[in-house]
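Hi everyone, thanks for making time today.

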Amino acid sequence: MKRLLFIGISSFILPRKFYARIPLTMGRITSWNSSIVSPPDGNMRDYCDQLQRLIDRDDRICLPGHGPVLQDPRPYIERLLANRMRRETQILKHLLNTSDTVQNIAASVYKKSDPHIAMAAERNVVAHLQKLLSESRVAQEEGIWRVN
C-alpha cells in the first residue's frame, strides 16, 4: 500500500484497527471548501498527487482537517482535484493570451474584489505556476510568467 502524507496534529486517538483504514486528511481536505496551497510550505504538485492518492484509495469515510466527517468522500475529492485542474487550465489560457504577473493572472482567473481573498487567490496562482514550472510548461523572468 502506498504511504500517504498527512500534515497536522490529531486532537483525538483512534484504535489502530481504525486509523490504519481511515485517512486523517488534516489541512489537505476540509468539508466546506478547498484549501489554500501557499508556497513555500504548500506545493500544488504534491497537493494534487495527494488528492489523487485519496481518490485511488476509495475510502468509505474521511476525517477532514476542518468540518464534519465525509461519508463516501471520493466524489468530493474528485471535485476538489477537478477544480484545481480547471484553475490550472484557466491560468494557462490566460498565459497563452499574454505573459503576465501573478497579480494580474489571479485577478483574471479568480475575479475576487475582497483584498484578503484576492491575496489567497494570488498564493494559489503562485502554487499553480510553480507546479507548471516544475513540469516545464511555463517560465518566469523578472516577475513575468509565460507559457513555454
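Let's start at Glu135, which is partly exposed, with a relative accessible area of 26%. Please keep in mind that this is a predicted model. Which residue does the side chain of Glu135 meet in a salt bridge? The partner is Lys131, with N and O 2.8 Å apart. Lys131 counts as buried, at 8% relative accessibility. This pair also belongs to a network of salt bridges that links Glu88, Lys131, Glu135 and Arg137.

How many salt bridges does a search of the whole structure find? It finds six. Another one joins Arg57 and Asp59, whose closest N and O atoms are 2.7 Å apart. Here Arg57 is partly exposed at 26% relative accessibility, while Asp59 is buried at 12%.

The axes of H2, residues 44-57, and H3, residues 74-97, come within 9 Å and cross at roughly 150°. An angle over 145 degrees counts as roughly antiparallel, and H2 and H3 are therefore roughly antiparallel to each other. Their crossing is left-handed. Among the contact residues are Met44, Tyr47 and Leu51 of H2, and Arg74, Ile77 and Glu78 of H3. The residues of this contact divide into ten nonpolar, one polar and three charged.

Methods: Residues numbered from 1 in each chain as written. Predicted model: local features only at pLDDT ≥ 70, side-chain atom pairs only at ≥ 80, totals over all residues. Heavy atoms only, no water. Axes fitted to C-alpha atoms, helices over the stretch in contact; angles between N-to-C directions. Helix = DSSP H or I, 4+ residues; strand = E, 2+ residues; numbered from the N terminus. Parallel < 35°, antiparallel > 145°, perpendicular 65-115°, else oblique. Left-handed = near helix turned anticlockwise from the far one by under 90°. Contact = heavy atoms within 4.5 Å. Nonpolar A, V, L, I, M, F, W, Y, C, P; charged D, E, K, R; others polar. Salt bridge = Lys/Arg side-chain N within 4 Å of Asp/Glu carboxyl O. Buried < 20%, exposed > 50% of the residue type's maximum accessible area, 1.4 Å probe, protein only.
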